[in-house]
Amino acid sequence: MDGVLIASEEVWDDVREVYVRERGGRYDAEVQRALMGLSSVEWSRYLHEVAGVPDSPEQINAEVVRRMLARYRDDLPLVPGAVEAARRVASRFPLGLASSSNRELIDAVLEAAGLAELFAATVSSEEVPRGKPAPDVYQEAARRLGIPAERCGAVEDSHGGIRSAKAAGMFVVAIPNPTYPPDDEALAAADVVLRSIDQLEPELFPT
C-alpha cells in the first residue's frame, strides 16, 4: 500500500519526525531508513529503545497512528494512476494487500480510495510475527487468498518490500519509490522493474 497505492512515506516521515522531536528523541536519516518496512510493533519499539522517545511503544504507536489518520482525512496522497492500475490487475487476478501499515490505516485508506471491494485479503505486518523484509506478511496474504505464495505476484517500491516478497517466493514487480529508492541489490532481485505504476498490466505476471 505505502509507496505503491499511496505516496505515504513522506507523510510517515513527517509525522514521526515531528512527534519524535517533540518528545526529545533523535530523528535523522539513519532512523528514517531503519523504520521503513518495519511493523508497528517493531518501529514503535525502535523509537523508544534506539531513538530515545520516553513514551512506551504502545503510546508511541497510538499517537503516530492518530496523527496519520488525521493527515489522511485531510489529504489522501494517492499515487496518480494507482486506482486504475489496481482495477486493471483485479480484472484478471484476485488481489491481496500485504502492508507494514497498521490495520486502522489500511482499512481507512482502501475505503477512502474506493478500493476496499477489490481486495480479497488484506494483512498488516502487526498481525504476523515479523515485519518486512521477513516474508511473514506476504506468506499470510497468500494463505488468506488460498493461493501458494510461489503462484503469487507482488508489486513493491522499497528495498524491504522487495526482499520480503522474494523471500516468500513470489514474482516481484518493482516500481522504485522516487523519494526513497530501493538499493541496487534489492532492485536486482526484482523480476520486473517499471518506471511508474501506469505501466502495471496484468500481462506482466506469469500465469
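Here, buried means under 20% relative accessible area, exposed over 50% and partly exposed in between, using a 1.4 Å probe and protein chains only. This is a predicted model, in which local features need pLDDT of at least 70 and side-chain atom pairs count only at pLDDT 80 or more, while totals for chains, interfaces and linings use all residues. Residues are numbered from 1 along each chain as its sequence is written, and side-chain values use heavy atoms, with hydrogens and water left out.

**The chain overall**

The protein chain has nine helices and five strands; helices (H or I, at least four residues) and strands (E, at least two) are DSSP runs, numbered from the N terminus. Going along the sequence, you get α-α-α-α-α-β-α-β-α-β-α-β-α-β. The radius of gyration is 16 Å, close to the 17 Å from the globule rule for 207 residues, so the chain is as compact as a globular protein of that length. That radius is taken over C-alpha atoms, and the rule is 2.2 Å times the number of residues to the power 0.38. Of the 207 residues, 55% count as buried.

Helix α1 (residues 9-22) reaches 20 Å from its first C-alpha to its last, close to the 20 Å expected for its 14 residues at 1.5 Å a residue. The expected span is 1.5 Å times one less than the number of residues. Its buried residues are Glu9, Val11, Trp12, Asp13, Val15, Arg16, Tyr19 and Val20. Their cover includes α2 (29-35), α3 (40-49), α4 (57-74) and α6 (103-113). After α1 comes glycine 24, with a positive phi near 80°.

A nonpolar core is a set of buried Ala, Val, Leu, Ile, Met, Phe, Trp, Tyr and Cys residues joined through side-chain atoms within 4.5 Å. The largest has 48 residues, and Leu5, Leu47, Tyr72 and Leu115 touch the most other members. The largest share of this core, six residues, comes from α4. Contact means heavy atoms within 4.5 Å, and tyrosine 72 touches Asp2, Ile6, Ser8, Val11, Trp12, Pro77, Leu105 and Val109, leaving out residues up to four places away in sequence. There's also a second, separate core of 17 residues, with Ala98, Ala141, Ala154 and Val172 among them.

**Strands and crossovers**

Two strands pair if DSSP finds at least two bridges between them.

| Strands | Bridges | Direction |
|---|---|---|
| β3 and β4 | Four bridges | parallel |
| β4 and β5 (residues 192-193) | Two bridges | parallel |

Alanine 154 has valine 172 in β4 as its bridge partner. The chain goes from β3 through α8 to β4 in a right-handed β-α-β crossover. Right-handed means that, with the strands pointing away from the viewer, the path from the first strand over the helix to the second runs clockwise. Valine 173 stands opposite valine 192 in β5, and β4, α9 and β5 make a right-handed β-α-β unit too.

In helix α8 (residues 159-167), the buried residues are His159, Gly160, Gly161, Ile162, Ser164 and Ala165. What covers them includes α2, α7 (136-145), β3 (153-156), β4 (171-174) and α9 (184-189). Glycine 169 follows α8, and its phi is positive, near 90°.

**Valine 137**

Valine 137 sits in helix α7 and is buried, with a relative accessible area of 0%. Setting aside neighbours within four places in sequence, valine 137 contacts Ala98, Ser99, Val123, Ser124, Ser125, Val128, Arg130, Lys132 and Ser164.
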